[in-house]
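Please look through the model below with its sequence alongside. The text after it goes from the whole chain to one pair of side chains and their surroundings.

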Amino acid sequence: MSIRKLSNEQPEQMRTNKADQEPVLKGTFASVLLLGAFLAITWVAVFLLFLYRQ
């Protein structure tokens, strides 16, 4: 006896439904860009402070 999936969907339909269920990551991308910009600006500011104090 073979084990069958409980879903009535065909494999092609399962693939398209999975693609439709992926979350939108635009907000995550924007947050990572802002965090990266903050870190870069902070690093440059500390480096310039280091140079000016010598």
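Predicted model: local features only at pLDDT ≥ 70, side-chain atom pairs only at ≥ 80, totals over all residues.

Residues are numbered from 1 along each chain as its sequence is written, and side-chain values use heavy atoms, with hydrogens and water left out.

The protein chain has two helices and zero strands; helices (H or I, at least four residues) and strands (E, at least two) are DSSP runs, numbered from the N terminus. Of its 54 residues, 0% are buried, where buried means under 20% relative accessible area, exposed over 50% and partly exposed in between (1.4 Å probe, protein chains only).

The whole structure holds one aromatic pair. The ring centres of Trp 43 and Phe 47 are 5.3 Å apart and their planes lie at 10°, so the pair is stacked. Rings of Phe, Tyr and Trp (its six-membered ring) pair if their centres lie within 6.5 Å; planes under 30 degrees apart count as stacked, over 60 as edge-to-face and the rest as tilted. Both residues belong to helix α2 (residues 26–52), and because they are four residues apart there, about one helical turn separates Trp 43 from Phe 47. Trp 43 is exposed, at 56% relative accessible area, while Phe 47 is partly exposed, at 37%.
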